[in-house]
Amino acid sequence: MSEQMPNMDYDADEVINDFKSKFKWPKKDEVDVVVKPEKVWLRLLISAVLTIITGGIVYYMMLPALNFKDVNMYLFVVILIVLFMVFFALACKANKKIERREYIKKKSKVPVIIVAVLAVVMAIGWVCGATIFRASSYSELMPVTTSDFSTDFEKLSVDSVPRVDESRALTLADQQLGSLSEYKSQYVVSNTTTMINYNNRPVRVAYLEYADVFKWFNNTKEGVPAYMIIDLISQKVTVVNCVDQFGSCIQYSPTELFNEKLIRHLRFQYPTELLDTPNFEISDDGHPYWITPVLDKTIGLFGGTDVKGAVITDALNGESVYYDIEQVRSDSSLQWIDVVYSANLLVQQYDYYGKFQNGFWNSIIFQNDVSQASQGNGYIAMDDDVWIYTGVTSSESDASNFGFILSNQRTKETRYYENGGAIETAAQQSAEDAVQNYQYAATFPILLDIEGQPTYFMSLYGSSNTVKGYALVNLADKTIVGTGIVDEMKSDAKALNAAVENYIQALKDKNIIGTDIDVNEYLVDETDENEGGTAAEPPADTESNSAEGSSAAENGSQVTGEVTSILTSVNNGNTYYYLQINGTYYYISVADCMDVLLVQTGDTVTVTVGDKADGVFVSATDVAV
């Protein structure tokens, strides 16, 4: 029996290791030869074709500028090299044969050298543009001139500055969109707006976006049908139907996908340019455009960002024209453009100016005459342009400003004013303390000139993001405050006037101004329908502006005709409809006539004329469909 037993005299670990060795991938030093794959040229061709296809997809998504000053271009080239080597390795079956893998490793030296060269070029370019070596060049990016506050701010009145900021403007636009049944289920208001000076009024313009990808599928063939104008003084929102006004929807916008996506459309038109974020603007006649700043890196390869021009793109048909920055500044036909330099870029360039005037090491060690922009910025519409405002403070934490700047977003003209006082956040806190029982929040302040006194103007917001009042705070003495509350005064204009009256009285009480100053010079017209001036009018066609069309019927009479255009707006929380009949717009509140909701373009209606008229805009007391 025992003679038939197998020999069990062996080590189990030895058997297991021997078994593993049959499946073990050989080490590099165990490979005797490096085998060159057959038909290498074919494998290279296949790899190149696959790289071109995949690289095209990557380019379509990344959209790098084919420019040595764009970091994304270097990243894109590295991705192409990696893709090619991966495809070539797979084509040579290096994942299955060790001798092929060693061949691929040897052939990878050239791509690795290319990547290394790119890294060296980037490093040299960055060093050449480093602030430690080029501080003087950075300080010269923005020319700054000293200007006189009283002279420049003489025409800027309480009634001409924005009363709402961007967040409130978006809230108003959302409210307006919610009242429009034809839009509200398909579109949403974009989360960014552009402040422009439109017909000498500070307004924000906002475009619509598709609510989701399914709404995009449902509407992309026609495009985005409208945009919104939010008057920052009257808080009136106007929806401009592009089809009615211009015969076409907005075809190119950031909310589109594929080739109609704005940045992709621009990249294909200008493949080598460094494109900044496009701004949505409208011309004087209301035509929608995209203004895209074209950047340049003026120091080294990646430093000293500045604007060298702008691309103006027709939002309706996608046609684009490039203008050099000097032409944008000087050409009167381009005066309607307001935003070429972003607020962030202007503040960054001023910080370079303030920090590096006396060299890099001074900005860190001695800090003689070192200044920087304070936190936050506001916007002022002045001289038919939009200017950003921000205070100037020291490089260390400080509770006060020793001056402030205005910087033009179209020309980059920057003015410095040697008017020191409370920092903006301190002024906001002072305004909020004055109405602490209401717990209102103050907006970022804007400077005004009241009797030669630089004065912060702020709106006061409630928890519902609505304007609840106004506050004025003295720049030099933040304890001088004037406030007006809408709920107390029962009117927006009366609340603004109350703030002005209280502020001027506080100045008189401290003997800063004379007691004979007439406060009425600074008050707004409380009888004005828009409480603060005539709201920015929506674009109208030639017929609407004719003298014949502007002659309206008398109060109480009736006008019957076909509705050729319908506009809407939200004014102080009420939705108004503007029905164009025979060249005249008759407006009425939905609260006064619910039937106006049923009116459509082409309907014949009878309008009962009201007692207010302003050019082509006439009030109505009733609309019969």
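Predicted model: local features only at pLDDT ≥ 70, side-chain atom pairs only at ≥ 80, totals over all residues.
Which residues do ring pairs link into a cluster?

1. The cluster consists of Phe149, Phe153, Tyr389, Phe404, Tyr417 and Phe444, joined by ring pairs. Aromatic pairs in the model come to 29, and two further ones are worth a look in the next point.

2. Tyr352 and Phe356 make a stacked pair, with 6.1 Å from centre to centre and 20° between the planes. Both residues are buried. They belong to helix α14 (residues 343–356) and lie four residues apart, which means that about one helical turn separates them. As a reminder, an α-helix has 3.6 residues a turn, so residues three or four places apart point the same way. Please also look at Phe360 and Trp361: this pair is edge-to-face because the planes stand at 80°, with the ring centres 5.1 Å apart. Phe360 is buried, at a relative accessible area of 15%.

3. Next, the packing of helix α3 (residues 71–91) on helix α5 (residues 109–128). Their axes are 10 Å apart and meet at an angle of about 170°, so the two helices are roughly antiparallel. On the α3 side the contact is made by Val71, Tyr74, Val77, Val78, Ile81 and Met85, and on the α5 side by Pro111, Ile114, Val115, Leu118, Val121 and Met122. By class, this contact has twelve nonpolar residues, with no polar and no charged ones.

4. Finally, two backbone angles to check by eye. Most residues other than glycine have a negative phi. Leu63, however, has a positive phi of about 55°. Leu63 lies in the loop between α2 and α3 and is buried, with a relative accessible area of 12%. Asp384 likewise has a positive phi, near 60°, and is found in the loop between β13 (378–382) and β14 (385–394). With a relative accessible area of 30%, Asp384 is partly exposed.

Conventions
Residues numbered from 1 in each chain as written. Heavy atoms only, no water. Axes fitted to C-alpha atoms, helices over the stretch in contact; angles between N-to-C directions. Parallel < 35°, antiparallel > 145°, perpendicular 65-115°, else oblique. Contact = heavy atoms within 4.5 Å. Nonpolar A, V, L, I, M, F, W, Y, C, P; charged D, E, K, R; others polar. Phe/Tyr/Trp six-rings, centres within 6.5 Å; stacked < 30°, edge-to-face > 60°. Buried < 20%, exposed > 50% of the residue type's maximum accessible area, 1.4 Å probe, protein only.
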